[in-house]
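Dear colleague,

Please find the structure below, together with an account of what was found in it. I would be grateful if you would read the two side by side.

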Amino acid sequence: MFHIVVCGGIVPDPLQTLEPVKGPAGWGLKNELMLPSILDPWASHALYEAAHLAKAVPGSKVWLVSLGPKAKLQQVMMTVAQKAPFELVVADGPAGGFVDSFEVAEALFAAISGIAGLDASKLLLFGGWQSASRGSGSTLQILGEKLGITDQFQGVDKLTVGADGSLEVMERIEGGAYQISTCTGAPAALGWATGELPEPPNNPQVGMANMRLVMPALQKAKPAAVNAAAIDYQSVTLPAQKRETRVVKDTPVDVIAQEIIDWLAS
Amino acid sequence: MNERQSMETDIVCVGFGPAMGGFLTTLAKGIVNEDGSAVMESTVVPGLPPQVICYERADDIGVGVSGVVSKARGIRESLPELDPACIPLCTPITEEKVVYLVDPHGASRRSLPLKAADAALKLLGGKFPGCRYKDMAVELPYIPPFLEKHGGLTFSLGQFNQWVGNTVMATGAAQIWPASPVAAPIIEHRKVVGVRLADQGVDKAGKPDAAYMPGMDVRARLTVVGDGPVGPVGRAIDEARGLPMGHHQRDYAVGMKFVVDLPGNCPWKVGTVIHTIGYPEPEIFGFLYVLPGHVASLGIFVPSWFDNPVRTAYRYLQHWMQHPYLWKYLKGGTIRSFGAKTLQESGKNGEPYLVGDGYARIGEGSGTTNVLTGSGVDEAWTSGVQLGQAVVELLEKGLPFTSENLEKTYVARRRASWVEAEAKIAARSREAFASGFIPGIIGMALTGLTKGALCWPADSEPVHKRIPSIEEYYHGRISCEEITRIRQEATAKGLALHDALMDKVGWPEIEYDGKLLISHQDALLLGGKVQAAPGYADHVTFECPDTCRACAEKTCIEACSGQAITTNPDDGVPLFDREKCVHCGACLWNCSKPSKADPERTNVRFAAGAGGLHSAEN
């Protein structure tokens, strides 16, 4: 059996217009609290994989550890909690993606260390390989090290558990290839890419069961000790984008590829 | 997971809008203490407070709604501590204007008296004492008391809903689940015993596909229906029960809006509220509310009594924004958000049975919108508060949610309130618009100023009876041969007709600036952030395909707020793209063909669906 801890923050819902601004507490997003938010899509894959694994391996349990403003987390939980069974652990803090990844890892470490009954020898630390909010790809690695986990995998698309508890992990590597590694078992840290599972349907019964623990977790959430001054940014810009929207259906792949080549060439 | 699951709860609610916000806010105060402990016990989970679950079809509790100007009497009464500064995009009203806009292009369809009035204004407008004619517009010197919102609030309903929803959930008294469309009520022996959620993991036609999960049955002692003017649960109850004698739901409007970052030179101060009449067509009303942060919420209402078969709200909205009176301060602004929704404008005339065994109706779908005062959110909220008080009373007394008990508690409160009194005054205020714009304005003033004692009477007809053919509407302006040519060309390209027809009668082309004047598709992506999760069936379908094949107007395509319904080059039945639908429901009542099953309905079926707008600033 596994104790699976999934680390997942919240990010603005896709397509939102984002505008970085510097305030008294450092960099953030303009109107961030007005934007609808979702669980970071990379972490979502990790959560679905965790729930799938926990269902397959009897006795396993899933915790979702999240650093974010608790009012916003409460709202996001209403879109997540019907998808998979988990117990929420909240670190009340910023979620804009501007906090130094070491500070985030420290806050998550503190939250995980406070989980009662967590057995480190059975721990699988899950998270997103990247993040939709300025992910540096380093938080999970730092957190893994702080937890003393030496078997770490990034860009994971598949995890197979052997009968002896060993883990066979398929990771994305350069050139579009995969690397398959095996380790003897937990503890291990896995930064998930997209995984192989579709988004589960909303199950109201799962939602009702989760909410019995989500609301108390939100109510007793402690402010996370993150130091916004630990990192400074000389400048912050959004990726440049050029919009030329057309909606064309059933276009052959070759035509799409040629358009992209033409665009790059221009 | 192929068996339909069932779950029991105490109260199940459908749709999270202002009415449900009022209901849950009031209910929460009655069933849990401030420390979260139970005032009374659930019957399904003993030891806990009554279990209250609310299902909302949109993907978040703050998306898919609209800007508001409101006296906020009911909201303030139930939230006396309300500080507008605590809610983003909320501010007290500081200034109100009603403005008549003259057509600068001569392209709109105006009656002779209106043309004469416009000519007189252009010629002599600036010379009349007290008449402020400037930028082809007149600011009316007087706002009738029934219209003014002095002392009220203007705000984003999306942000308000987010604030209310989060406040309610923090009490622990209710769970509000977004992205959970409710397909239908469960009716057994003429009693509503709960709701059935929409099937998931199905294809466009609703057939089981990967990850199929039949929609769960959620059974409850009380079902609270607040799913708005086009909600499937409210309409299913109406279809099962019919409407009370003499009532009809024939009057609608689609409200389409932008939220705009105003340019630096714009002098409008926060809290300014502007209502416009007269342009882009006399029948189309406009609104502009200036919110905190140099932001404006603005848009138009296209009503069901606008007898134009190519009633495109989007193109008209772009012309309206470019009227000289508005454009001088909007030019250079940038879109932040876009959205559209249907308004149920039948009001008291369209009121359904408010209660029955096991259910109660609140909000816009229950006929709360007041078309005389131009107010709906406060009325909807108040109806929810009234039901909340009634339910707490029944729970305290241990009485069942029968039709009789709900009548004595909820309906009695509603009948005794200002909502009812004002709804009665407004009931016949808009009848005269069926006879034209000028009779409509006179009739409204007559009713408003006499507090309902007088009206300009006119017969009501279902929308499909009002919509003329395209040839009739453009008679004398575009020849039948030209319309046939335009129709053939547009159909072959999969386009709607309105752009070609409007160009033909003199509407100037829209010169996109990439900021505020953008394509409809870009408005969906940049403004509405429209998305749809896979695994749900198409929620817009056509009852009789042959009726569509024979239809020459296809108003559903022209009026679609998201370009989700499009011309089908291979068949006469329009195509529907769920991923572009904003769920405004305009297709439901804009269809020009009656249902064969019920002539009060149309040939469009509008079911429960997930997805849609993802902007919470509307």
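In chain B, four residues of domain 1 are in contact with seven residues of domain 2, where contact requires C-beta atoms, placed from the backbone, to lie within 7 Å. This is a predicted model, in which local features need pLDDT of at least 70 and side-chain atom pairs count only at pLDDT 80 or more, while totals for chains, interfaces and linings use all residues. Residues are numbered from 1 along each chain as its sequence is written, and chains are lettered from A and ligands numbered from 1 in the order in which they are written.

The domain assignment of chain B gives domain 1 (6-82 + 156-247 + 348-425), domain 2 (428-460) and domain 3 (465-606); such bounds come from an automatic or database domain assignment. The C-alpha centres of domain 1 and domain 2 of chain B are 32 Å apart. On the side of domain 1 of chain B that touches domain 2 of chain B, three residues are nonpolar, none is polar and one is charged. Here Ala, Val, Leu, Ile, Met, Phe, Trp, Tyr, Cys and Pro count as nonpolar, Asp, Glu, Lys and Arg as charged, and the others, Gly among them, as polar.

Between the chains, 36 residues of chain B are in contact with 25 residues of chain A. Helix 4 (157-171) of chain B gives the most to its side, with four residues. Helices (H or I, at least four residues) and strands (E, at least two) are DSSP runs, numbered from the N terminus. The side of chain B that touches chain A comprises 17 nonpolar, 14 polar and five charged residues.

Turning to the sheets, strands of a sheet pair through backbone hydrogen bonds, either parallel or antiparallel. An open sheet of eight strands in chain B has the order 6-7-5-16-17-18-15-19, with mixed pairing; two strands pair if DSSP finds at least two bridges between them. Strand 6 (132-134) and strand 19 (334-344) of chain B are at the edges with a single partner strand each, so one side of each has no neighbour in the sheet. The twist averages 20° from one strand to the next; axes are lines fitted to C-alpha atoms, for helices over the stretch in contact, and angles run from 0 to 180 degrees between N-to-C directions. Within this sheet, strand 5 (residues 95-101) and strand 16 (residues 272-277) of chain B pair in the parallel sense over six bridges, and B:Glu96 stands opposite B:Val273 in strand 16.

Another open sheet of chain B has three strands in the order 3-8-4, with antiparallel pairing. Its twist averages 10° from one strand to the next. Four bridges join strand 3 to strand 8 (residues 153-156) of chain B, and B:Val69 has B:Thr154 as its bridge partner in strand 8. Helix 4 of chain B lies across strand 3, strand 4 and strand 8 of chain B, at about 85° to strand 8.

In chain A, the axes of helix 3 (residues 101-113) and helix 4 (residues 139-146) come within 8 Å and cross at roughly 45°. These two helices of chain A are therefore oblique to each other, since angles under 35 degrees count as roughly parallel, over 145 as roughly antiparallel, 65 to 115 as roughly perpendicular and the rest as oblique. Among the residues that meet are A:Phe102 and A:Leu108 in helix 3 of chain A, and A:Ile142 and A:Leu143 in helix 4 of chain A.

Methods
Two residues are in contact if their C-beta atoms, placed from the backbone, lie within 7 Å.
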